[in-house]
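Please look over the structure shown here before reading on.

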Amino acid sequence: MCGVVGYTGKNQAVKFLLDGLQTLEYRGYDSAGVEVVSPSGNLHGVKCAGRVHTLAERCQAANLVGTCGIGHTRWATHGAPTDRNAHPHTDCSGRIAIVHNGIIENYLELKRYLMERGHEFKSDTDSEVIAHLIEEAWNGAARGNLVEAVRVATERLEGSWALACICADVPGQLVVTRKGSPLVVASTTDGAYAASDVMPLASVTSHVIQLNDYDIALLTPDGAVKVYDHDDEEVHHPDTIDIDWDASAATLGGYADFMAKEISEQPEAIERLLKDRLGQHGIELDELKMGNKDLAQIDRIFVIACGTSYHVGLIAKIIIQTWAKIPVFCEYASEFNYEDEVLVTPHTLCVIITQSGETADTLTAARRMKGMGCKVFAITNVLGSSAARESDGTMDIQAGPEVCVASTKAYTAQMVAAVLLALRLAQANGSMDQQEVERHYRDLQQIPDLIREVLKRSWQDQQAAKLFRNAHSALFLGRGVNSTTAYEGALKLKEISYLHAEAYPAGEMKHGPIALLEPGFPVVAIVPADHVHDKTLSNIEECIARGAQVIAVATDGDESVAKLCQHVLWVPPVPDELLVPIVAVVHLQILARYVARARGCDVDKPRNLAKSVTVE
């Protein structure tokens with residue numbers, strides 16, 4: 001949820017720290033801070049509530065000088081987003097500083113212990129206990145060894161952490177460690193770097209080292225990185241990742257915001273994912289790490305996810321059941337983890353969907369299912385993530401870095417990945433012959449150009465957004481697979497415009513939500529040319545009869561919709577109605593963005609949200 005960066009080397013640290021935090025700001029942005037070891041051998045830091053740009057202004061005024069430092073951008077868990085709760089946190093002496101991503105579950109117990117020993121706390125956070133524990137170890141068992149001090153301190157922690165630590169008494173040393181929260185490091189000729197993910201490092205290297213849980217790394221100014229495992233043994237060949245995208249992929253590139261950029265990148269993302277997927281024997285999904293025999297034996301599937309990824313799961317459920325004839329259970333990870341009874345068999349497959357690959361609830365669910373003997377397959381946008389590393393097989397959706405907190409291109413790419421999975425399963429168990437599989441694959445190949453056509457029609461969304469000018473709430477409706485399109489459209493509107501929105505299967509509207517309708521109330525109805533078109537059209541008429549203003553997402557040439565609705569967001573004909581959500585949702589992404597901008601909202605960094613939810 002928070003962003004962590006660190007640097008030690010030949011250059012002034014503050015530039016990389018601020019640039020890195022700017023890149024990581026999607027992980028949390030209610031406060032930020034940096035700390036460097038000054039040439040005089042003291043710690044010098046600046047931190048504040050608010051965005052990284054405010055921190056940068058304060059750093060410039062403070063004239064921070066030093067070639068070793070750490071930085072942090074926060075998503076508040078313990079303690080309000082204030083200056084005093086911003087990271088970095090220091091020990092009593094002011095000689096040790098830390099930044100932390102994660103949650104320390106036993107911090108109250110540790111805090112009481114430390115206060116009894118005379119430690120004074122300056123914040124309300126759980127993280128500050130780490131600085132004081134390192135101080136205890138530094139002055140005691142570690143005997144001035146920073147790696148050992150961090151090791152001794154973290155042995156007392158319960159919870160999750162990605163941690164970076166510096167100490168004025170060993171200038172130039174940067175020690176990092178992790179457990180349950182991502183952290184990568186890199187060695188270059190200019191020095192050594194650390195960050196919560198690869199994005200801040202893409203500008204300095206194409207090769208990073210990935211730490212495992214409980215690994216501790218010592219970074220020194222000559223660029224050296226030494227990694228030690230849980231048993232204090234040096235790891236001579238640590239896990240590595242090659243960054244396969246250019247750093248410019250995480251820049252605006254002339255767009256007004258990252259949301260606009262990432263919406264526009266969806267066709268290319270899907271084309272990358274589909275490339276070379278159809279082979280001589282049908283769909284090739286080697287990432288599953290399962291052959292035809294094992295796939296054919298799958299008798300039930302659990303799809304587990306959170307938020308937008310959960311909506312992908314709902315669509316995956318319908319498509320897999322329709323094409324592969326396998327029962328699918330779609331579960332919220334946060335709820336699933338506390339269910340007493342999970343009915344699995346020796347042939348149950350668990351599919352987890354997580355954009356970041358670090359979603360704590362989803363990872364917990366995956367570990368639970370793996371412990372019950374299930375094969376776990378991950379659909380994620382981060383190949384070296386925890387989800388990818390802990391699963392039996394992983395599909396990298398290849399959407400590229402997604403900076404905007406509200407997911408767009410990862411959502412549509414995940415849907416395409418789910419369709420490929422459904423085809424592979426249907427192919428393996430004989431529910432489809434190869435000719436059918438190939439036909440559906442050809443249908444999928446048309447999706448990028450259909451999305452390009454929708455992008456050309458963004459003016460329709462801009463016009464429709466005016467209906468929300470005086471709205472306090474909105475209702476999204478759809479039937480069948482497009483009830484999920486309604487859920488995602490409502491979520492996007494809530495996330496970035498802060499306008500309340502509800503989504504329902506259209507047939508359920510009269511069982512309660514219809515009471516919300518009054519003259520001028522905005523309703524968004526997804527009504528493509530599918531087998532439930534006329535039923536949805538009847539629901540639109542029910543809305544209009546009560547004075548609602550309906551925005552319809554409809555297939556080109558649908559005169560019955562055009563006669564009824566004030567605004568129509570037209571979608572070109574899609575070859576299979578089960579694929580309509582991949583195209584139709586693009587209009588709702590664009591619509592939400594226009595509404596949010598009209599309301600003066602920051603579409604890339606909506607309040608209270610973070611891209612990677614690494615706490616349960």
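The questions and answers below concern a predicted model.

Q: How are helices α1 and α2 oriented relative to each other, roughly parallel or roughly antiparallel?
A: The axes of α1 (residues 13–24) and α2 (residues 52–62) come within 10 Å and cross at roughly 165°. Angles over 145 degrees count as roughly antiparallel, and the crossing angle therefore makes the orientation of α1 to α2 roughly antiparallel.

Q: Of the residues in the contact of α1 with α2, how many are nonpolar, polar and charged?
A: On the α1 side, V14, L18, L21 and Q22 take part, and they meet V52, H53, L55, A56 and C59 of α2. The residues of this contact divide into seven nonpolar, two polar and no charged.

Q: Which strands stand at the edges of the six-stranded sheet?
A: The sheet is open, with antiparallel pairing and the strand order β5-β6-β7-β8-β12-β13. An edge strand has a single partner, so one of its sides is left without a neighbour in the sheet, and the strands in that position are β5 (89–90) and β13 (225–228).

Q: Which residue of β12 stands opposite L174?
A: Strand β8 (residues 174–179) pairs with strand β12 (residues 216–219) in the antiparallel sense, over four bridges. Within β12, the residue opposite L174 is L219.

Q: Which strands does helix α5 lie across?
A: Helix α5 comprises residues 146–154 and runs at about 140° to β7. The strands that α5 lies across are β7, β8, β12 and β13.

Notes:
Residues are numbered from 1 along each chain as its sequence is written. This is a predicted model: local features need pLDDT of at least 70, side-chain atom pairs count only at pLDDT 80 or more; totals for chains, interfaces and linings use all residues. Side-chain values use heavy atoms; hydrogens and water are left out. Axes are lines fitted to C-alpha atoms, for helices over the stretch in contact, and angles run from 0 to 180 degrees between N-to-C directions. Helices (H or I, at least four residues) and strands (E, at least two) are DSSP runs, numbered from the N terminus. Angles under 35 degrees count as roughly parallel, over 145 as roughly antiparallel, 65 to 115 as roughly perpendicular and the rest as oblique. Contact means heavy atoms within 4.5 Å. Ala, Val, Leu, Ile, Met, Phe, Trp, Tyr, Cys and Pro count as nonpolar, Asp, Glu, Lys and Arg as charged, and the others, Gly among them, as polar. Two strands pair if DSSP finds at least two bridges between them.
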